[in-house]
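This report goes through a protein model from its overall dimensions down to single residues. The sequence and the coordinates come first, and the description follows.

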Amino acid sequence: MTRFAVHVACADAQSIDTFQLDTGAGALTSGPSLALESKVQCLAMHPEGRVLYAALATSPPTVRSLTIGGRDGALTPGPDADLPAGMAYLSVSPAGNALLGASYNDHLVSVMNLDADGGILSDTTSTEAPGEHAHAVVTSPDGRFAYATALGDDLIVWWTLDPVTSALTNRGQIATPTGSGPRHLRFSPAGDTLYALHEMSGEIAAYARDAGSGALIEQQRISSVSPELNLVPGRVRDGSGPEPAANAIWCAELQVSPDGRFLYSTERSSSTIAVVAVGADGTLALVDTVPTQAQPRGMNIDPTGGFLLACGEASGGLTLYAIDPESGGLRERESLDCSAGPRWIEFSPLT
């Protein structure tokens with residue numbers, strides 16, 4: 001597969017823009033834009049790449065299923081389902097039978113069952129409370145455990161995920177340094193390591209994961225923020241205190257290359273992407289910092305691992321980078337305009 005649709009949630013424009021990526025040619029093409037008449041908070045892709053889920057800032061909050069089709073990846077809106085709260089994050093379990101969400105403002109995670117076609121079974125919603133400002137929830141590659149961040153309480157919490165009912169049962173938690181603000185989580189391809197990006201400290205932590213119990217043990221913690229950026233520690237952005245300084249650390253997205261050899265994270269105050277190498281022994285090392293779109297909240301790597309795309313929430317642009325397979329370095333290929341406020345990127349295969 002060399003062609004993919006690139007779906008970009010554009011919050012301010014209340015739309016999802018779709019582009020086409022040809023990985024053989026290393027080229028990005030503009031495609032259709034779907035108006036949703038509501039702010040798009042986040043997206044999640046079904047593992048089979050045929051249904052996209054969009055959390056909308058409606059009242060009450062809802063999630064919309066969108067069917068993907070055509071040679072350009074055009075989206076066809078399906079039914080809406082009520083959410084228990086506005087979501088900052090959505091993800092789908094590897095088996096494709098559960099849609100999970102994390103609510104920053106309502107401090108909870110939710111689970112909704114999906115049918116065999118990816119439809120949302122809205123009467124199955126359950127919630128758990130990991131702590132203040134839940135920001136991400138992901139399922140381990142084996143589908144047995146769900147992990148969530150509580151940014152405001154500096155915690156990572158995990159549950160078992162029932163394979164039939166998708167019910168969550170609390171199994172443990174691990175504290176992160178005070179004020180670090182764990183935000184986004186990603187697994188290594190084998191699932192034996194969980195990486196956590198911290199919004200306010202700029203750190204990336206690597207946790208060894210016990211496959212039987214789901215327990216985490218911290219192995220390493222490094223800064224993804226180069227000292228040359230002259231940034232200071234950030235703080236929780238929830239209106240409870242003064243606004244952070246203009247040069248406060250404000251990390252956003254974390255991605256892992258499909259081969260597990262590189263991590264990438266975005267920092268919004270400096271509008272940069274950090275490139276972190278993963279050594280043969282699992283040791284992390286910051287190797288480069290790359291300027292990118294203004295306020296890069298969203299970023300993703302195409303399924304082949306050859307290209308990274310980043311979008312600027314403040315610039316309204318999308319940049320395509322070729323990934324050097326040896327160094328992990330990023331080389332800009334081209335930039336295209338998006339609708340206003342792009343913040344989330346998902347891929348689906350094209351025929």
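## Overall dimensions

The protein has a radius of gyration of 19 Å, which agrees with the value near 20 Å that a compact globule of 351 residues would have; the radius is taken over C-alpha atoms, and the globule rule is 2.2 Å times the number of residues to the power 0.38. Along the principal axes, the C-alpha atoms fill a box of roughly 45 × 45 × 40 Å.

This is a predicted model, in which local features need pLDDT of at least 70 and side-chain atom pairs count only at pLDDT 80 or more, while totals for chains, interfaces and linings use all residues. Residues are numbered from 1 along each chain as its sequence is written, and side-chain values use heavy atoms, with hydrogens and water left out.

## Secondary structure and contacts

The secondary structure comes to 0 helices and 28 strands, where helices (H or I, at least four residues) and strands (E, at least two) are DSSP runs numbered from the N terminus. Among the contacts with a separation of 6 or more, 47% are between residues 24 or more positions apart, a contact being heavy atoms within 4.5 Å.

## Surface and charge

Of the 351 residues, 58% are buried; buried means under 20% relative accessible area, exposed over 50%, and partly exposed in between, with a 1.4 Å probe and protein chains only. The protein exposes about 13200 Å², of which carbon and sulfur atoms supply 49%, as computed by the Shrake-Rupley method with a 1.4 Å probe, where for residues only the protein chains shown count as cover.

## Backbone features in loops

The peptide bond from Ser-59 to Pro-60 is cis, with omega near 0 degrees, and Pro-60 is placed in the loop between β5 (51-56) and β6 (62-69).

Positive phi values in residues other than glycine occur at His-107, near 60 degrees, and at His-133, near 55 degrees. His-107 is in the loop between β9 (98-103) and β10 (108-114) and counts as partly exposed at 23% relative accessibility. His-133, in the loop between β11 (120-128) and β12 (134-139), is buried, with a relative accessible area of 5%.

## Cysteines

The structure holds 0 disulfides, a disulfide being a pair of cysteine sulfur atoms within 2.5 Å. Cys-42 is accordingly in no disulfide, and the nearest cysteine sulfur, that of Cys-311, is 13 Å away; Cys-42 itself is buried, with a relative accessible area of 0%. The sulfur of Cys-338 has its closest cysteine sulfur in Cys-10, at 5.0 Å, which is too far for a bond, and Cys-338 counts as buried at 15% relative accessibility.

## Two exposed loop residues

Glu-228 is in the loop between β19 (216-223) and β20 (251-256) and counts as exposed at 72% relative accessibility. Glu-228 and Thr-289 are 61 residues apart in sequence, with 9.6 Å from C-alpha to C-alpha.

Thr-178, placed in the loop between β15 (168-175) and β16 (182-187), is exposed, with a relative accessible area of 81%. The C-alpha atoms of Thr-178 and Leu-108 are separated by 20 Å, and these two residues are 70 residues apart along the chain.
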